[in-house]
Amino acid sequence: MDFIFHEKQEGFLCAQHCLNNLLQGEYFSPVELASIAHQLDEEERMRMAEGGVTSEDYRAFLQQPSENMDDSGFFSIQVICNALKFWELLSDICLANFLTQLQQEAYSVFVVKGDLPDCEADQLLQIISVEEMDRPKLNGKKLAKEKDHRVYKTVLEK
């Protein structure tokens, strides 16, 4: 990994920034998270309708604002969980396709189970401190994309 992805906090979009920082890339936008929230709202509305659309509970439910998102940029934990479920599904599909491609290209694929022995790199990472350095100068399209990201280097790399 050449750098650590860090999306700068904007407004109250904590869920978006949390997901993107966790996944190390710009994978979710407010629009995509809002879409997940609307889908959850619709599922909740359908569940409430099962008790009868003329019931007092259903009418009261329709009068309440969404608990999955609001205009400030808040997204509920359910939205975050559903976003991660989508990512997990996508990751599994990508991994399966990648492994299939490797096998078709006559590569051998091995699965290692259990604890692996410590390696020198793991030991080194436990003792080195990491300091922020100036961001590299990028041009054009890359500069706009990397605008709010930070690069970290270890003391040994300086």
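This is a predicted model: local features need pLDDT of at least 70, side-chain atom pairs count only at pLDDT 80 or more; totals for chains, interfaces and linings use all residues.
Residues are numbered from 1 along each chain as its sequence is written, and side-chain values use heavy atoms, with hydrogens and water left out.

Let me start with aspartate 41, which sits in helix H2, residues 30-49; helices here are DSSP runs of H or I with at least four residues, numbered from the N terminus. Is aspartate 41 buried or exposed? Its relative accessibility is 19%, so aspartate 41 counts as buried, given that buried means under 20% relative accessible area, exposed means over 50%, and partly exposed lies in between, with a 1.4 Å probe and protein chains only. Leaving aside residues up to four places away in sequence, aspartate 41 touches Ser66 and Asn68, where a contact means heavy atoms within 4.5 Å. With serine 66 there is also a polar contact between the side chains, at 2.9 Å. A polar contact, for the record, is a pair of N or O atoms within 3.5 Å; within protein, one must be able to donate a hydrogen and the other to accept it, and residues adjacent in sequence count only if both atoms are side-chain atoms. Proline 65 is 24 residues from aspartate 41 in sequence, and the two C-alpha atoms are 9.7 Å apart in space.

That brings me to asparagine 68, which is found in the loop between H3 and H4. Asparagine 68 is buried, because its relative accessible area is 2%. If we again set aside residues up to four places away in sequence, the residues that asparagine 68 touches include Ala37, Leu40, Asp41 and Glu44, and also Phe74 and Phe75. One of these, glutamate 44, is joined to asparagine 68 by a side-chain polar contact of 3.3 Å.

Now to the charged pairs. How many salt bridges are there? The count comes to 3, a salt bridge being a side-chain nitrogen of Lys or Arg within 4 Å of a carboxyl oxygen of Asp or Glu. In one of them, glutamate 42 meets arginine 45 with an N to O distance of 2.6 Å; these two are 3 residues apart in helix H2, and therefore separated by about one helical turn. Glutamate 42 is partly exposed, with a relative accessible area of 35%, and arginine 45 counts as partly exposed at 28%. Another salt bridge joins the side chains of glutamate 50 and arginine 47 at 3.7 Å, N to O, and both of these residues are exposed. There is also a salt bridge between arginine 59 and glutamate 56, whose closest N and O atoms are 3.5 Å apart; both lie in helix H3, residues 56-63, at a spacing of 3 residues, about one turn of the helix. Within this pair, arginine 59 counts as partly exposed at 44% relative accessibility, whereas glutamate 56, at 55%, counts as exposed.

Turning to the loops, glutamine 24 lies between helix H1, residues 14-23, and H2, and has a positive phi of about 60 degrees although it is not a glycine. Glutamine 24 is partly exposed, because its relative accessibility is 29%. Alanine 106, in the loop between H4 and H5, likewise is not a glycine and has a positive phi, of about 70 degrees; its relative accessibility of 68% is why alanine 106 counts as exposed. Valine 109 is also placed in the loop between helix H4, residues 77-104, and helix H5, residues 120-127, and at 34% relative accessibility valine 109 counts as partly exposed.

Finally, the cysteines. The structure holds 0 disulfides, a disulfide being a pair of cysteine sulfur atoms within 2.5 Å. For cysteine 18, which is in no disulfide, the nearest cysteine sulfur is that of cysteine 14, 8.6 Å away. Cysteine 18 is partly exposed, with a relative accessible area of 45%, and cysteine 119 is partly exposed at 35%.
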